[in-house]
Amino acid sequence: MTSAKAKAPTLKTISFIIPCYNSAAYMDVSIESILACGDDIEIIIVNDGSQKDNTRQKADEWHAVHPATITAIHQENGGHGSAVNAGLAAANGLYFKVVDSDDWLDVGAAEKVMHYLRSQVERKTPTDLVIANYVYEKVHENKQTTIRYHKVLPVEREFGWGDIGRFSQSQNLLMHSVIYRTELLKELGLELPRHCFYVDNIFVYVPLPQVKTVYYLDVDMYRYFIGREGQSVTEGVMVSRIDQQLRITRIMIDAVKLPEEVPEKKLAAYMESYLAMMMGICSIFLRIQNADDSESKRQEIWEYLKAKDPLLYKRLRRRAVNRASNIPGKTGRRLGLAGYRVVQKIFKFN
């Protein structure tokens, strides 16, 4: 029988969620980097049906060593989105951060971010969204590319969307750069699709209209490993999973009506640019795929947008990348391939 005087669990500053699928070879580095953030955090390892290695055992061992900090959840395989959903449902932290099992945090940068997050615990209205830089770590090439926001976002002060500048094409907010207030995500009812890659686009796009306050720290906190075989952002894999990219893009089109449902004009402009990028990626990779039904799929995703919002369709179609990647015939395909090389350099996704 539970005592009526039992104390409620102490609020953690942040919940770190680590989706793991056959991650035994590299998950330790990720977990160790997060543990350095302090004792007022929780780490939720979500073992998403791993079968090929001892991910399950490792998760349980980490929990056994750090029972007050680390929780292990085991579930049937449902994909990255399902793992994030499970982590969000279990999260008790004021803030919520996803760290993929092959990525890690910079300890010094994370310490500065944690200092700000701790300052929010006693506030009546904590900041909704905290942003920090992230670094593409191309370990096998010994190259790094840092994505910073210091020229577009106010630094180290709370602000609203009316205070932001114009994002460049390489500065989109990704899952790596954002830390949402947990209750904001829960109140929104955010639920990512199962058995689908690229759900991080939904995670960083759909909640934005609910965000009223933002804080940015110009520190390189998140280290995003690029180059692992089979990674979802490699060119061959993106081509093979184009149907999942199309699915995610349709969900984004349906989720927010632009600009009507986004009263802040600068935020609406940013979200429209992000959606334009998604449409461009769909068009370009269908052109690269060049299968029997690739052209019909390319036309279908644009017709889907046109049926939902004719004005938004016209605006996105007029953008340079989308004009070039949607010219009919062989000429259009050649331009689409050339456009891909440009987009690849801009967005640095592989």
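Which residue takes a positive phi just after helix 9? I looked it up in this predicted model. N290 does, with a phi of about 55°.

**Helix 9**

I went back along helix 9, which covers residues 265-289. I counted 25 residues and a reach of 36 Å from the first C-alpha to the last. That is close to the 36 Å expected at 1.5 Å a residue. Next I checked burial, taking buried as under 20% relative accessible area. 21 of the 25 residues are buried, so helix 9 is largely enclosed by the rest of the structure.

**Helix 10**

I then took helix 10, residues 294-308. Its 15 residues should span 21 Å at 1.5 Å a residue, and the end C-alpha atoms are 22 Å apart, which agrees. I listed its buried residues: S294, K297, R298, I301, W302 and L305. Viewed down the axis, they fall within an arc of 130°, so they line one face of helix 10. An α-helix has 3.6 residues a turn, so residues three or four places apart point the same way. What do the buried residues of helix 10 pack against? I found helix 8 (242-255), helix 9, helix 11 (310-317) and helix 12 (320-325).

**Strand 8**

I turned to strand 8, residues 178-181. V178 and Y180 point one way, I179 and R181 the other. All are buried. Strand 4 (residues 93-98) runs antiparallel to strand 8, joined by two bridges. Strand 6 (residues 129-138) also pairs with strand 8 in the antiparallel sense, over three bridges. I looked at what stands opposite Y180: F96, and also L129.

Terms used. Residues numbered from 1 in each chain as written. Predicted model: local features only at pLDDT ≥ 70, side-chain atom pairs only at ≥ 80, totals over all residues. Heavy atoms only, no water. Helix = DSSP H or I, 4+ residues; strand = E, 2+ residues; numbered from the N terminus. Expected span 1.5 Å × (residues − 1). Buried < 20%, exposed > 50% of the residue type's maximum accessible area, 1.4 Å probe, protein only. Pairing = 2+ DSSP bridges. Arc of directions from axis to C-beta. Contact = heavy atoms within 4.5 Å.
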